[in-house]
Amino acid sequence: MKKLLQLFIAAVSTFTVTASYGATLNEGFEASTANGSYYTTATTVTGDACKWSLLESGVFSNEARTGTKSVRLSKQATSSLTMTSNKSGGAGTVSFYGRKWSSTEANAVIEVQYSTNSGSTWTTAGKTTVSATTFTKYNVTVNKAGNVRIRLAQTSGQRAIIDDIAITDYSAPSAAAITSPANNSTVDFGTNAANTTKTMPVVVKGSGLTSATTIAVTGKGFGVNTTTLSASKVNSATGGTAQVNFKGATGGTYSGTLTLTNGSIKVTVKLTATVSGSGTSTPTTSPVIKTPASGSTVDFGTATPGAQTLRRPPR
């Protein structure tokens with residue numbers, strides 16, 4: 001029996017609590033008991049969404065708050081709030097509302113840290129400086145999948161108040177892609193008069209791109225106004241625009257290709273156009289007089305005085 005009890009105690013001591021909180025964990029400490037002072041040793045308190053270990057911080061009901069309670073960090077640079085259980089959906093973005101306790105307090109620097117091994121080690125995802133005397137929302141991106149714990153750790157400054165912590169689920173970033181125009185789609189310039197330029201805007205959109213998209217046009221009569229579009233433009237909601245142009249000199253049908261390239265991603269767009277009538281070709285050389293030859297001679301021979309001599313024009 002004694003040995004079984006020892007095994008049970010050992011199992012409990014290594015048990016890791018993992019909880020599911022839905023898409024977002026929301027913590028306002030409304031369910032916590034307001035102790036009205038700082039915990040000088042790490043103390044576990046029950047919040048709305050999970051349990052937290054508070055160090056050099058406490059739950060207050062008589063401080064600035066968004067509901068009935070909030071957490072105040074002390075003047076120590078070692079104040080912290082730490083989740084004591086894992087969040088199973090990972091962590092996407094951590095946000096919280098913070099403010100200085102008073103205008104005379106030194107700005108509090110708060111690191112948002114995460115742990116993927118149940119609190120054994122911690123990594124800093126980002127930090128914020130709480131400088132306002134009214135509640136301000138702060139956001140830090142974590143983007144960690146799996147079981148995650150979050151800790152807000154003050155590293156410098158003085159008293160600050162924290163409320164309404166929110167931790168969204170991890171969301172895998174979308175794969176890099178050029179989403180518009182579609183691969184193998186066609187841009188048709190229609191029927192055009194000869195030697196007339198027509199321009200068609202092509203909107204280029206994408207997602208997850210980290211480098212510029214290069215643009216190339218081939219085909220007689222086709223051209224484009226730019227050879228690159230930045231990743232920020234292509235990834236934006238409105239995308240980036242390339243102005244593709246066409247000018248045909250003679251009647252007939254024309255075809256070309258617009259190629260968009262970003263790393264291993266390649267999108268090909270067909271270009272088509274028609275020129276009505278026979279058109280007029282633009283001369284490639286200046287007009288010349290082929291005969292008579294420059295510098296040649298016309299010889300009138302021996303003329304009789306007073307007589308008119310006629311010479312046959314050269315052939």
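**Surface, cores and strand S7**

A: The accessible surface of the chain is about 17,400 Å², and carbon and sulfur atoms account for 52% of that; areas come from the Shrake-Rupley method with a 1.4 Å probe, and for residues only the protein chains shown count as cover.

Q: What should I know about the model and its numbering?

A: This is a predicted model, in which local features need pLDDT of at least 70 and side-chain atom pairs count only at pLDDT 80 or more, while totals for chains, interfaces and linings use all residues. Residues are numbered from 1 along each chain as its sequence is written, and side-chain values use heavy atoms, with hydrogens and water left out.

Q: Which residues touch the most other members in the largest nonpolar core?

A: They are Trp52, Ile150, Leu152 and Ile165, in a core of 30 residues. A nonpolar core is a set of buried Ala, Val, Leu, Ile, Met, Phe, Trp, Tyr and Cys residues joined through side-chain atoms within 4.5 Å; buried means under 20% relative accessible area with a 1.4 Å probe, protein chains only.

Q: And is there a second core?

A: A second, separate core has 22 residues, including Val202 and Leu209.

Q: Turning to S7, which way do its residues point?

A: Ser80 and Thr82 point one way and Leu81 and Met83 the other, and all are buried. Strands are DSSP runs (E, at least two residues), numbered from the N terminus.

Q: What is the bridge partner of Leu81 in S13?

A: The partner is Leu152; three bridges join S7 to S13, and the two run antiparallel.

How values were computed: Buried < 20%, exposed > 50% of the residue type's maximum accessible area, 1.4 Å probe, protein only. Helix = DSSP H or I, 4+ residues; strand = E, 2+ residues; numbered from the N terminus. Pairing = 2+ DSSP bridges.
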